[in-house]
Amino acid sequence: MTKIALITGASSGIGAATARALAKSNYRLILCGRRAERLDALAMELSAITETTTLLFDVRKSKDVFEQIGSLPDAWKAIDVLVNSAGNAHGLATFQEGNIDDWDAMIDGNVKGLLYVSRAIVPGMVERKSGHIVNLSSVAGKYTYPGGLVYCASKKAVEAISEGMRLDLTQHGIRVTNVAPGAVETEFSLVRFKGDSERAKKTYEGYTPLYAEDIASAIAYAVTAPAHVNLTDMLIYPSAQAAPGMIYKKG
Ligand code: 8X3
């Protein structure tokens with residue numbers, strides 16, 4: 001039977017690239033996101049290679065998460081791989097200037113949303129005694145940087161959740177992979193800088209950043225590794241990056 005992967009944040013960036021990579025690895029896909037048009041376009045694009053279905057919900061809304069995932073038809077219920085890719089950074093303000101709506105968006109989406117989606121799916125994996133969860137953390141989950149404290153806190157929470165899931169779920173035959181990318185050129189900075197495209201562009205100038213496809217390849221590698229191999233933690237930088245905020249730029 002073809003395996004099933006559910007991907008949150010599938011409408012763009014690392015989520016969409018992961019959908020493309022797993023389609024090539026022959027997974028059937030449940031594409032989840034908030035933007036119906038983008039999900040439908042991706043489903044259409046992948047329809048030549050694999051079977052897909054879409055679920056429209058915001059991970060921050062627990063009722064919608066449980067309703068939507070609960071509404072999957074039987075043929076789609078036995079999810080083998082969960083990729084928790086939904087998440088964002090909002091703002092780069094110091095603590096004293098922090099915007100509370102930004103804090104809520106990051107903690108609700110990056111932390112609570114990941115928990116809701118996982119809670120809706122993992123009991124089925126436990127019953128079937130198999131599964132693989134991939135959590136998108138960040139270099140921000142390893143190191144804190146100025147202005148990034150709430151984003152960093154949310155990603156440190158993801159790191160703790162990945163560790164905790166592994167402690168609780170290994171005995172049930174479930175693998176957990178934590179992926180921590182450095183600078184990846186996606187809509188990430190555009191969202192962080194609230195639509196300031198000039199500032200977002202500058203984040204990726206003067207060096208070759210990572211692309212969403214690079215992270216997707218690493219995820220595909222982890223989930224297609226033999227069943228006895230568990231890639232638990234991956235910190236992935238572009239070659240020009242040595243640490244958060246330390247990127248060697250040309251010129
Ligand atoms: C994205 C990478 O360095 O902007 O999570 O935190 S960084």
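This is a predicted model: local features need pLDDT of at least 70, side-chain atom pairs count only at pLDDT 80 or more; totals for chains, interfaces and linings use all residues.
Student: Is strand E2 buried or exposed, and why would you say so?
Tutor: Strand E2, residues 28-33, is largely enclosed by the rest of the structure, because six of its six residues are buried, where buried means under 20% relative accessible area.

Student: And which way do the E2 residues point?
Tutor: Arg28, Ile30 and Cys32 point one way from E2, while Leu29, Leu31 and Gly33 point the other way, and all are buried.

Student: Which sense does the pairing of E1 and E2 have, parallel or antiparallel?
Tutor: Strand E1, residues 4-7, pairs with E2 in the parallel sense over four bridges, and Leu6 stands opposite Ile30 in E2.

Student: How many bridges join E2 to E3, then?
Tutor: Five bridges join E2 to strand E3, residues 52-56, and these two strands run parallel, with Cys32 standing opposite Leu55 in E3.

Student: What do the helices make with these strands?
Tutor: Helix H1, residues 13-24, makes a right-handed β-α-β unit with E1 and E2, and helix H2, residues 36-46, makes a right-handed β-α-β unit with E2 and E3.

Student: Changing topic, how much space lies in the second largest pocket?
Tutor: About 150 Å³ of space lies in the second largest pocket.

Student: What lines that pocket?
Tutor: The second largest pocket is lined by Lys3, Tyr27, Asp80, Val81, Ser130, Gly131, His132, Gly173, Arg175, Val223 and Ala227, and by class this lining has four nonpolar, four polar and three charged residues.

How values were computed
Residues are numbered from 1 along each chain as its sequence is written. Side-chain values use heavy atoms; hydrogens and water are left out. Buried means under 20% relative accessible area, exposed over 50%, partly exposed in between (1.4 Å probe, protein chains only). Two strands pair if DSSP finds at least two bridges between them. A crossover is right-handed if, with the strands pointing away from the viewer, the path from the first strand over the helix to the second runs clockwise. On a 1 Å grid over the protein atoms alone, a cavity is a set of points where a 1.4 Å probe fits but cannot get out, and a pocket is an open set with protein on both sides within 12 Å along at least five of seven lines; lining residues have an atom within 4 Å of a point. Grid points are joined across faces, edges and corners, and a volume is the space filled by probe spheres set on the points. Ala, Val, Leu, Ile, Met, Phe, Trp, Tyr, Cys and Pro count as nonpolar, Asp, Glu, Lys and Arg as charged, and the others, Gly among them, as polar.
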